[in-house]
Every structure is written in structure tokens, then in C-alpha cells.
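Colleague: I'd like to learn how to read a model like this one. Could you walk me through it, feature by feature?

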Amino acid sequence: MNSEFITTLLITFKLAVITTAVLFVVGIPIAAYLAFSKNKFKVVAEALITMPMVLPPSVLGYYLLVAYSPDFFIGSFLESAFNIRLAFSFSGLVVGSVLFSLPFMISPIQSGLQNLPSSLSEASSTLGKTKLQTLHRVLLPNIKPSIITAIVLTFAHTIGEFGVVLMIGGNIPGETRVASIAIYDEVQALNFDTANKYAFILFAITFILLLLIYTFNRKNSSSWKPF
Amino acid sequence: METLLIEANFRKKLFTTQGEMILDVQFSIKKGELVSIYGPSGVGKTTILRILAGLTDADEGEVIVDGETWFNSLKKINLQARKRPVGYMFQDYALFPNMSIKENLKFAQTEQDPKHIDELLTLFDLKELQNRKPTMLSGGQQQRVALARALARKPKLLLLDEPLSAIDPAFRTKLQNEILEIQRQYGITTLLVSHDLPEVFKLSKRVIMLEAGKIVKQGDPFEVLGSKRTSGKVQFMAEVLKVESEDILKVLTLLSGNSLVKVAVRDDDEQQYQPGDKVVIITKAFNPVIQKI
């Protein structure tokens with residue numbers, strides 16, 4: 001029981017760390033594209049990325065489950081080519097969480113980039129720098145508060161995820177069972193004591209994380225001033 | 001014959017607060033020349049600089065710099081901004097807040113040349129500030145950094161957008177002298193946007209006067225801007241600060257430039273002065289006292 005409690009928490013954090021890391025790598029290029037592209041179809045991408053914020057998690061979970069199924073081309077391709085089965089597995093959970101937390105990583109970074117004066121990137125290009133050099137050396141270092149907000153929100157949101165994980169993970173102890181689902185499970189089994197422990201830990205961690213962002217961003221709000 | 005550095009001829013539709021306007025200009029600039037673009041705000045001065053730097057695309061036309069085509073709408077040539085060897089000084093300076101002054105200058109160099117950076121830091125009196133971040137600097141100091149950074153990559157063409165607008169008058173003169181000195185030392189062809197007349201007179205031998213997107217006149221600043229103004233009278237623009245009545249006279253306290261002047265006027269019902277009124281002080285110029293400062 002005790003070791004199961006710890007395993008569940010470890011899986012919860014492993015999922016959050018991997019999801020955040022993947023989203024950080026994937027999210028920055030997407031955010032930069034959305035911030036600077038003048039393509040008129042960009043709104044479609046923006047709408048799709050923001051959808052997980054308003055869509056019931058079970059809807060996303062349902063579609064993912066269908067996509068993961070060996071009867072569907074994505075699922076069957078992954079299974080035949082790489083022998084990966086995403087449904088009811090930890091990797092499937094990571095894919096689901098990445099999609100579900102996409103807006104939490106992208107929106108803060110995108111708006112951070114859009115709020116920088118355009119003369120910064122223009123100056124960098126008149127100084128002979130490529131777009132990538134500009135992003136890496138000028139733009140990203142000047143939106144640190146947005147980046148930290150994005151990372152912490154993604155992390156906290158993945159920890160707090162319930163619906164998608166339940167649909168595609170299936171609550172397998174030691175594999176796909178995360179804390180938020182464990183609480184629900186324990187309550188149903190009338191183990192209020194264990195549920196209480198899980199709940200308190202999630203509550204405390206989420207509170208501390210958000211407290212940290214607000215403290216950091218308050219200190220740093222003065223670091224960037226338009227001249 | 002002196003060689004031409006820039007041959008420009010382009011058109012662009014602009015959307016301004018007054019509505020649509022067609023920027024339609026044709027000009028050439030000789031190697032090593034310092035030319036001002038003068039005109040009221042919103043006539044397309046900055047857009048000309050941006051088109052030369054490749055930050056804005058012209059709708060049609062051609063820009064040739066040093067024999068190389070940077071832009072040609074017919075041949076669909078448009079050299080990327082980062083490949084154009086220009087030094088651009090932005091109106092908001094666009095210094096990178098995450099880098100120190102020295103790092104800002106170093107970032108500007110494709111090939112590192114610490115000696116040149118050192119020279120610039122000394123020239124612009126930035127030695128002691130070199131490790132500070134731009135946000136710790138005053139407006140005038142930031143402007144100097146922006147100018148130094150534009151020069152750090154040894155550009156063929158220097159484009160300055162209102163370079164000295166935020167600097168107080170005393171320091172402005174010093175910086176104007178520095179710009180002239182750099183111009184003399186490095187011989188960099190410079191195009192400067194300004195709406196400040198004294199600056200145009202002081203810095204440039206040639207001015208391009210822009211009105212509503214068209215070049216209305218160009219040439220020697222004294223001929224272009226002076227002809228109408230040269231007269232037997234001295235004129236000052238001033239603002240009325242205070243009106244006091246004394247018997248049959250009224251005493252106006254006026255602010256002209258940075259100096260306060262008291263002028264007595266007839267207490268005339270037709271001419272009512274109120275604080276805030278803009279006035280012009282005119283005096284005959286045959287006998288003014290002129291002193292060197």
C-alpha cells in the first residue's frame with residue numbers, strides 16, 4: 001500500500017516532467033511561428049491549440065483512444081512498425097498529456113513574444129542575425145517571466161489532469177495510475193485516509209508552484225521596460 | 001566624378017492617420033555623403049530608411065547600393081535585411097535589455113573586433129557604463145549606445161532615425177560633433193531622418209525635403225530650407241506664459257527655446273493674449289548684438 005502510494009506519485013511527477021520537457025522543445029518553435037507568422041491560416045492552428053482549454057477532457061480522451069486503437073491507421077502503424085501500443089500505456093499518457101497541455105505552454109510564450117517591441121527583432125536582423133539567432137539570443141532571454149509561467153503552468157496542469165488520463169490510461173497501478181485518479185479511486189473504495197494524503201500533496205504542490213511563479217514574475221516585472 | 005553609393009527609386013502605398021498616401025521617391029547619394037531627410041512627421045521619412053534597410057518592402061521600384069541590387073520589384077530581387085551591410089539606429093533605440101552595453105556592441109559584429117568596440121566605447125564616452133544593462137541608462141546614454149552599436153559592424157551605410165531627439169541641448173551639440181567626426185574618420189555614407197532644423201543645418205551638406213510622400217526639394221540646406229526664411233528680420237517662436245497689465249501696456253512673459261523673455265505690448269483689445277498662446281517675436285535684423293558662446 002505504502003509503496004503503491006509512492007509509485008503512483010512518482011508516475012504522476014514523471015508524467016509531468018516528461019510532458020513539460022517535450023512541450024518546452026516543441027512549444028517554443030510553434031509559439032514563435034504563431035507570434036510572427038502572417039499566414040492567414042494561422043488562426044486555425046491557434047484555435048486547435050487552444051481547444052484543450054475549453055473542450056471536455058473526455059472528448060480529447062475519446063478521440064485519442066480511437067486513434068490509438070489497432071483498428072485505426074495510426075494505432076496499427078505504430079504497432080506494426082515500432083511495436084508501440086499507446087492505449088493504456090505510459091507513452092500513450094505522455095502523448096495525451098502533451099496534446100492536452102499544449103495551450104498552457106504555447107500561449108504564454110506566444111504572447112510574451114508578441115509583446116516585445118518589433119524593433120528588437122528588426123534591430124537583430126539589421127545586425128546580420130538569422131531568425132534563429134534572434135530568437136535564441138534576443139527574444140527568448142527577454143521573455144523569461146513568460147517562459148517560467150509556461151513551464152510551471154504546464155507542469156501543474158499535467159499533475160492536475162484527470163479526464164484524459166482516465167480515458168486513455170485506464171488506471172493501471174504502477175503503469176498509468178496517477179494521483180488525481182487515485183484520489184477518485186480511493187474515495188470510491190471509501191479509503192478516505194489515502195485519498196486525503198493524495199489530495200493534500202497535490203494541493204500543496206500546486207499552491208507552491210503557483211506561489212513561486214507569482215513571486216518570480218513580481219520580482220522580474222521591472223526587468224523589462226519599453227524605453 | 002564622385003561615385004554613387006545609393007540609387008533609389010521606389011513607391012509604396014502607406015496607411016497613415018490622415019488616410020492613404022503614396023510614398024514615391026527617387027534619389028541618389030554619393031559615397032561618403034551625409035544626407036538628411038527633413039519633413040513633418042507622418043510623411044514617410046522613416047519608411048524610406050526601413051525600405052533601404054530591408055525591414056519594409058516597397059511595392060515597386062529599385063534600390064541599388066554600391067553597384068549591387070538590393071531590391072528590384074521587376075526582377076523579384078529582395079535582399080534580406082540581415083544580408084544588407086547597414087547600421088540602423090532605431091527611434092526607440094532597440095537595445096537588447098538582456099545584454100550589457102558591451103555585449104550589445106559585440107552582438108552587432110559578425111567578425112569579432114574587440115579593438116573597434118573599445119574605440120567606440122571610448123568615442124561615445126561609454127567606457128564606464130559598458131557593463132551596465134540598457135535599462136540602467138538615461139535616454140541620452142541609450143541613444144549613444146544605439147549609435148555605437150549601429151557602427152560596430154562597420155556598415156557601408158548608416159541609417160539614423162531621429163538620432164538625437166532625446167538628448168538635452170548641451171549634449172546634443174557634443175553628439176552632433178561626434179557624428180560629424182565619425183563621418184570624417186570612417187567616411188560612412190549616412191542618411192539621417194530629422195525634423196529638427198538646426199540639426200539638418202549643422203550635420204548635412206545636402207537635405208532631401210519630403211512632403212506627403214514626395215520629395216519636394218533637395219540640395220544644400222541653406223538653399224532648400226533657407227530661401228524663404230532668409231529675410232531682414234529675426235524671428236523667434238515663443239509661447240505666452242503670463243500676461244500682466246500695467247497702465248496702458250501689457251507685459252507678456254514669453255518662453256522662447258529655453259529662455260524667458262519679457263516683452264511689453266500695447267494694451268489692445270483686438271490682440272488679446274492668453275497664457276498658452278503661440279506667438280512669433282519679430283525684430284529688425286540690421287542691428288542685433290551677436291556674441292560668440
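Colleague: Let's start with one side chain: does A:Arg177 count as buried or exposed?

Modeller: Some ground rules before that. This is a predicted model, so local features need pLDDT of at least 70 and side-chain atom pairs count only at pLDDT 80 or more, while totals for chains, interfaces and linings use all residues. Residues are numbered from 1 along each chain as its sequence is written, chains are lettered from A and ligands numbered from 1 in the order in which they are written, and side-chain values use heavy atoms, with hydrogens and water left out. Now the general idea: buried means under 20% relative accessible area, exposed over 50%, and partly exposed in between (1.4 Å probe, protein chains only). A:Arg177 has 6% relative accessibility, so it counts as buried.

Colleague: And what does A:Arg177 form with A:Asp185?

Modeller: Side chains of opposite charge can pair when their charged atoms come close. We call it a salt bridge when a side-chain nitrogen of Lys or Arg is within 4 Å of a carboxyl oxygen of Asp or Glu. A:Arg177 and A:Asp185 make one, with their closest N and O atoms 2.3 Å apart. A:Asp185 is partly exposed, at 26%.

Colleague: How many salt bridges are there over all chains?

Modeller: The search of the whole structure gives 16. Take B:Lys154 and B:Asp113, paired at 2.6 Å, N to O. B:Lys154 sits in the loop between α4 (139–152) and β8 (157–161) of chain B, and B:Asp113 in the loop between α2 (101–107) and α3 (114–123) of that chain, so the pair ties together parts that are 41 residues apart in sequence. Those element names are DSSP runs numbered from the N terminus: helices are H or I with at least four residues, strands are E with at least two. Another pair is B:Glu244 with B:Lys242, at 3.9 Å, N to O. B:Glu244 is partly exposed at 27%, and B:Lys242 is partly exposed at 43%.

Colleague: What about the two chains together: how many residues does each give to the contact?

Modeller: Contact means heavy atoms within 4.5 Å. Here chain B gives 24 residues and chain A gives 20. Buried area is the accessible area (1.4 Å probe) that two parts lose on being put together, summed over both. For these chains the figure is about 2000 Å², with carbon and sulfur atoms giving 64%. On the chain B side, B:Arg82, B:Pro97 and B:Phe107 supply 30% of the area that chain buries against chain A, more than any other three residues.

Colleague: How many salt bridges are counted between chain B and chain A?

Modeller: The count is one. B:Arg50 and A:Glu122 meet in a salt bridge at 2.7 Å, N to O.

Colleague: A:Glu122 is in α6(A), I see. How many of the residues of α6(A) are buried?

Modeller: Seven of the nine are, so α6(A) is largely enclosed by the rest of the structure. Among the buried ones are A:Leu120, A:Glu122 and A:Ala123. Their cover includes α7 of chain A together with α1 (45–53), β7 (86–89), α2 and α4 of chain B. After α6(A) comes A:Gly128, with a positive phi near 85°.
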